[in-house]
Structure formats: C-alpha cells, structure tokens
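Student: Could you take a close look at one part of this model with me? I'd enjoy a careful walk through it.

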Amino acid sequence: MNYISTRNKSLNFDFRNIFLRGLAPDGGLFLPTDIKKFNEKELKELSSLNYIDLGVEIISKFCSPPLDKNKIKIILEKAYSSFDTKNIVKMKKIDNINLLELYHGPTLAFKDIAMQVIGLMYEALNLNKKKINIIVATSGDTGSAAIAALKGKKNINLFVLHPHEKISNIQRKIMTTCDSSNIYNIAVKGNFDDCQKIVKQMFNEEEFREKINMSGVNSINWARIICQIVYYFYAYFQMSSKVNFSVPTGNFGDVYAGYIAKKMGLPIDKLIVATNENDILCRVINSGEYKPSHVKPSLSPSMDIQVASNFERLLFDILNGDDQKVIKSMKSLNENGFFKINEEEIKKIKKNFVAEKINDADTLRIIKDFFINYGFILDPHTATAVGASYKIKNNSKTVVLGTAHPYKFLETIKLAIGKNVETPKQFSNLLKKVEKFEIIDNKLNDIKKYIIEKIK
Ligand SMILES: *Cc1c(COP(=O)(O)O)cnc(C)c1O
C-alpha cells in the first residue's frame, strides 16, 4: 500500500514508514492512495466473523505488506487479551438508544482499542531496534491508553504532554501513577491545543526529530484510524439495516474512521459529529468557516479541542485531492487564523456528516435523565453523543459510540446524579498510589530540553 501526504500527492511511503513517522515531513497527514471497497457479497462474508477476524480483514487492507494477515491476527489476539469482554466491544440496547460500549480495555476509554494494537506494531515494525522516543499530546485519555500499551517496552520511551489542571483527577492519576522507567509525564501550563502544537512543532523540526528518533501515537497516526474502522463494521452487522453513528468528537479521529468505513462500502447514513462548547467542527460543517477560538474547559475534557487535526484528511477529500489547495488553506489558518470552504464543498461534507453541539448544562441533564429512566450511567462524552442523536430525524437507526467509562469522570457524575460511580476493579488501588509528573511552562524549548535531558 502506498501512502501520500495531504500536502504532497507525489509522496511515496509504505506503511512501515508512515507508522513510525506519524506525521508527514511536510506537516501534512498521511493517506493511502487506495481504499478497498467491499461489495455486498463481501460484506455478507465479513458479517459472520468475530471481532478479531473482522479486524484482520479490515486492517490488512491498509498495512500489508509489511504486516500480513497472520501477523495482524497474532497482534490483535495479544492486544485484546486484556479486555474484559469477550467480543472486545459491547452493544447494548437501552430504549431507543443502541449504545456501543468501547471502553472495556485497560484504561476504560475507546483509545485502548487502537493503542493496544499500536504498541505491538512498534515491536513488529521497528526492525533496526533503535531506541524510539514517542511524544504524545493528550486531552486525558490518549495518554493513559498509550502508557498502558507501551509501559515496560524495550527500545521505547514515552513522553506524555497533558494540559496542567485541565483533565479530570482520575484521568491524571491513571497516567501519573505508572512506575515504569520508560514513561515520562509532563503537565504543560496551557491547554490541549498548546500540547498538540508543541508535538507538531517537534515533528516539523527535522534535526530534533532525527536526533531523538521521534515517533507519535496521536490520532494523526493513520494506524489509530484503521483500528477504529473495525467497530463501525462490527456494530453495523449487529443492526443489519442502514445506520447513523453518533460520535463524541474532539480531534475528528474517531468519526473520521466512520467516514472511511463508509468509503469501504458500509451502508452508513449520517455520521453525527457531537461536540461540546468547543464547537469548531459544528461551525465549519454548518457555515464553512474553520476558525479555532479559545479552548473552553468543559465537563467532557477529552473533547476540549479547537484544532481538530484529522479534519485536514477530510478537507483533502472534499477539495478533490488537490494538495495545493490544502496547503493554501493551512497557510491561511496559520497566517489569518482561519480558512473557508465554499457552498459546494460544504454540501459534500453534509452528504455524510451532521454536527450538533451539546453544552455542559445539557450534558448534565442527559446523564441525570438517562440514569433516572434506565438506571444506566453515561460518561459526559458519551452523553453529548446521546444528546446529538436525539436531534437527528431520519429513517435510519442510530448507534451511539460510548467512548469512556463514567468512573473516569467521577466529579461530573456526582454533580449530575448525586452519586458516586462504583470503582472498577482495575483501579481499586488507584487513589492510594503515588503520582509522578513534571510541570513545565508552555514553551517548546523547555520541553525539548527536558526530553533531551531524560534520554541522555
Ligand atoms: C479522545 C476522546 C474523544 C474524542 O475522539 P476524537 O477521535 O479525538 O474525535 C471522545 N471521547 C473520549 C472519552 C475520548 O477519550
């Protein structure tokens, strides 16, 4: 499979290369040149597979060679052996809501589904065994999923940048109580967008990147996306009629995986982009203006993002793969603080996507009502997607992606329903453990210095 960059169509990279790099050398995002489209007969065959075999069929379409089906199967079996449900994900019907629980992995958020696989892909693809330094920005869940997947791995160091005091207490504790010597937690005095910007700047500094043999596992890494495509297929096969998916959205990675599933032939009607008050995606989808504003802290912190990186992949598509136009848009974003797409292009997005904003007050109300009516506790991210699904009226059934376990957002749940969430068994000792992290100013050079110091 050949990969290009959204900013350079003539690039010619293989999967191993794009996996280890994460971000294209020109600052663009990697995309495959071909996407396999399954016909009806092939879909029928896929529908009878279990989660792992389905994953093998889908993931291999993007990474073989170097990873063939046998290798992928071994990786998936190992990756998902720690999940606490047999089928990796769980579909629950609660009244009209079809909830797909994606949080049965070691850190109780959907990020585990891709990250556990990525951890093993590093071992399979890092052929020269040179030490890799992975730098990742997190709005709370990516970091813990990456730590769970990479702790104790030989030849890998992991540096996790989270926004200081802007994630939940439990999210922070899960990350900072890991005592593996290859894990470093940095609390950046800024917000998630600042963390993400620092990581992107490091990627763009050829010399620094080479010096530390840097790699990245943010959702800009294509491997994350392909692992997430699998559960869209799995969920559809449980519904077996045209479906909408309602997706709690921040960096546009998860819902974009749904878009690729649709391109692969899955009969998806609308992809519902649920946002909190950080609603840049609602604005661009409804008005065509992509304009980041200040990040507003909300009750769904993993979605407190204004620069939704993966949107560049969709942009490339709706601009008919014109890399020069993507470059122009990104230049305008850098220089003027925004870019615009025209009516025609908005129409193309709206064919596949609907966007809805759910504010904090509504999020609390949805959690409370859901608990009173069904005795089920939604986490605040999933609650935004439930809220967004109520607003969509078409003839398709809707699957809501449940992205996190409510325990990770104890304080918010207490606020909504006046009760504590039972502690999941994985975390029975969490509150007693000692935390370890470094607080550093929101300055690229300070963070680079810290990293260099640690890997000496
Ligand atoms: C990361 C995350 C999201 C947002 O996913 P994106 O791929 O960044 O759009 C939503 N909910 C939870 C719980 C998350 O951890």
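Student: Does Cys-195 count as buried or exposed, and which residues of helix α15 are buried?

Tutor: Happy to! This is a predicted model, where local features need pLDDT of at least 70, side-chain atom pairs count only at pLDDT 80 or more, and totals for chains, interfaces and linings use all residues. Residues are numbered from 1 along each chain as its sequence is written, and side-chain values use heavy atoms, leaving out hydrogens and water.

Cys-195 counts as buried, at 0% relative accessibility (buried is under 20% relative accessible area, exposed over 50%, partly exposed in between, with a 1.4 Å probe and protein chains only). Its closest cysteine sulfur, in Cys-178, lies 19 Å away, too far for a bond. Cys-227 is in no disulfide either, with the sulfur of Cys-63 as its nearest at 8.1 Å, and Cys-227 is buried too, at 0%. The structure holds zero disulfides (cysteine sulfur pairs within 2.5 Å).

Now to α15, residues 343-352 (helices are DSSP runs of H or I, at least four residues; strands are runs of E, at least two). Glu-345, Ile-346, Ile-349 and Asn-352 are its buried residues. They sit on the same side of α15 because they span an arc of only 125° around the axis, taken from the directions from the axis to the C-beta atoms. Their cover includes α11, β11, α12, α13 and β14, through contacts (heavy atoms within 4.5 Å). Turned away from that buried side, the other face carries exposed Glu-343, Glu-344, Lys-347 and Lys-351. At the helix start, a side-chain oxygen of Asn-342 comes within 3.2 Å of the backbone nitrogen of Glu-344.

Key. Polar contact = N/O pair within 3.5 Å; in protein donor to acceptor, adjacent residues only side chain to side chain.
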